[in-house]
Amino acid sequence: MTDFTLADLGWSAVFQSQLDLEDIETARPARVAAIQRDRAVVLMPEGPETVTFPGHLSAGDVAVGDWVLLEPDTARIARLLDRATEIARKAAGEAARRQLIAANVDTLGIVTAASAEFSAPRIERYLVIAANAGGQPLVILTKADLADPSPYLDALRDVSRDCPVVTVDARSPEAAKEVAAWTGRGRTLALVGSSGVGKTTLTNALTGRAEATASVREDDQRGRHTTTFRALRPILGGGWIVDTPGMREVGLVEAGDGIGEVFADIEALAEGCRFRDCSHTGEPGCAVAAAIETGTLDPARLDRWRRLVAEDARASETVAEARARDKRFGKVVRRIVAERKRRDGPGR
Ligand SMILES: Nc1nc2c(ncn2[C@@H]2O[C@H](COP(=O)(O)OP(=O)(O)O)[C@@H](O)[C@H]2O)c(=O)[nH]1
Ligand SMILES: [Mg+2]
């Protein structure tokens, strides 16, 4: 992996403008291609390099696709540059924690199969993640060779009128042509979607590599086997692709803006409600209820919006609240342990 210019790697004015005069003289910009526990593999015009994190940064703060500045003389990151886009989800588990998926991604490829796997609400959820990230979504409907894609395309149009959709047989060399408009020099495409939909197959088609496809169980969240670790890989025709391990759970956190964008129709209607804090559950003068009445709003869509808003509110509760809850839980645990000790006697 050599012979990439900074522009090939995706460097742009967004990052250049973050450098001060001293940086321009000494700093070495590098793009994060993979992250290990305490190290990252970065790509530079000079080639790949394994680097360490400075004290103020840990592996969890850095995402594949990030731009960093390296210290002038050591293989250590000096600074993380602000991201152009940031794909994140709620980390698995109860705490309100964001987990970074990838950074500086131009297109979020939402991969779904023309099969029973297809789920409009799940795609809506990924659209919210894309809107929140700042990147452009692209729905990639795989296994279009196994079924008539038209009912799936109809369902996709109901979810979003403006999101582009391509249909592919991910195993075919033609697949690269279908996504060509979203790839090319310096551009980054990240793939998300359930296990088994063809993300790795498509990645292999685009990169000419042969990563293991999913007969192996993928479950990145619980640290079980993963076929591939998340990595930035070069596309044969230019640009970069990030394949992500299948995600069972795509939780939202701090996704209010993204929800607002994906459900702009509902949020616009809500502006017309008589009460500013209308909950659209039967208040007088509710514009949302009126739209359902006249058939301009699908009640199922309102229901899905409601669920996402509630989930996001729950997940985005402040870290302080989560900590308070943990504290209460700690008290309960200590009480149970103390009671057990009393019951069972010392020495256990
Ligand atoms: N017929 C057909 N099979 C596909 C297609 N895409 C993927 N597959 C198969 O589906 C299985 C899972 O693919 P994989 O790329 O590992 O899915 P991932 O979990 O999303 O990475 C593999 O056996 C692939 O050969 C497609 O477009 N058409
Ligand atoms: Mg895979």
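Begin by selecting alanine 190. Leaving aside neighbours within four places in sequence, alanine 190 is in contact with Ile87, Ala102, Val105, Leu108, Gly109, Val242 and Thr244; two residues are in contact if their C-beta atoms, placed from the backbone, lie within 7 Å. The model is a predicted one, in which local features need pLDDT of at least 70 and side-chain atom pairs count only at pLDDT 80 or more, while totals for chains, interfaces and linings use all residues. Residues are numbered from 1 along each chain as its sequence is written, and chains are lettered from A and ligands numbered from 1 in the order in which they are written.

**The nonpolar core**

Ala190 is among the residues with the most contacts inside the largest nonpolar core, together with Ile87, Ala102, Ile110, Val128, Ile140 and Leu202. This core has 79 residues. A nonpolar core is here a set of buried Ala, Val, Leu, Ile, Met, Phe, Trp, Tyr and Cys residues joined through C-beta atoms within 7 Å. A residue is buried if 20 or more other C-beta atoms lie within 10 Å of its own, exposed if 12 or fewer, and partly exposed in between, with C-beta atoms placed from the backbone. Next, colour residues 120-133, which form helix H3; this helix gives the most to the core, with 8 residues. Helices (H or I, at least four residues) and strands (E, at least two) are DSSP runs, numbered from the N terminus.

**The whole chain**

The C-alpha trace spans about 70 × 65 × 45 Å along its principal axes, and the secondary structure comes to 11 helices and 13 strands. Of the 348 residues, 36% count as buried. Among contacts between residues at least 6 apart in sequence, 65% join residues at least 24 apart.

Now colour by domain. The assignment, which is of an automatic or database kind, gives domain 1 (13-80), domain 2 (86-243) and domain 3 (263-315). The C-alpha centres of domain 1 and domain 2 lie 26 Å apart. Where these two domains touch, 8 residues of domain 1 are in contact with 12 residues of domain 2. On the domain 1 side, strand E1 (residues 28-35) gives the most, with 3 residues. By class, that side has 5 nonpolar, 1 polar and 2 charged residues; Ala, Val, Leu, Ile, Met, Phe, Trp, Tyr, Cys and Pro count as nonpolar, Asp, Glu, Lys and Arg as charged, and the others, Gly among them, as polar.

Keep strand E1 selected. Strand E1 is mostly covered, with 6 of its 8 residues buried. Two strands pair if DSSP finds at least two bridges between them. With strand E4 (residues 67-70), E1 pairs in the antiparallel sense over 4 bridges; proline 29 has leucine 69 of E4 as its bridge partner. A further 4 bridges join E1 to E2, which run antiparallel, and there isoleucine 35 is partnered by alanine 40 of E2. A hairpin of 3 residues connects E1 to E2.

Move on to strand E2 (residues 39-44), which pairs with E3 in the antiparallel sense over 6 bridges. Displayed together, the strands make an open sheet of 5 strands in the order E3-E2-E1-E4-E5, with antiparallel pairing. Strands E3 (47-52) and E5 (77-80) are the edge strands, each pairing on one side only. The twist averages 45° from one strand to the next.

Select residues 231-234 and 240-243. These are strands E12 and E13, which pair in the antiparallel sense over 4 bridges, and alanine 231 has aspartate 243 of E13 as its bridge partner. Their hairpin has 5 residues between the strands, and in it glycine 238 takes a positive phi near 105°.

Finally, where do lysine 143 and glutamate 254 lie? Lysine 143 is in the loop between strand E9 (136-142) and helix H4 (150-159), with a positive phi near 60°; it counts as buried, with 23 C-beta neighbours inside 10 Å. Glutamate 254 is in the loop between E13 and helix H7 (256-262), with a positive phi near 50°. Glutamate 254 is partly exposed, with 14 other C-beta atoms within 10 Å. Most residues other than glycine have a negative phi.

Key
Axes are lines fitted to C-alpha atoms, for helices over the stretch in contact, and angles run from 0 to 180 degrees between N-to-C directions.
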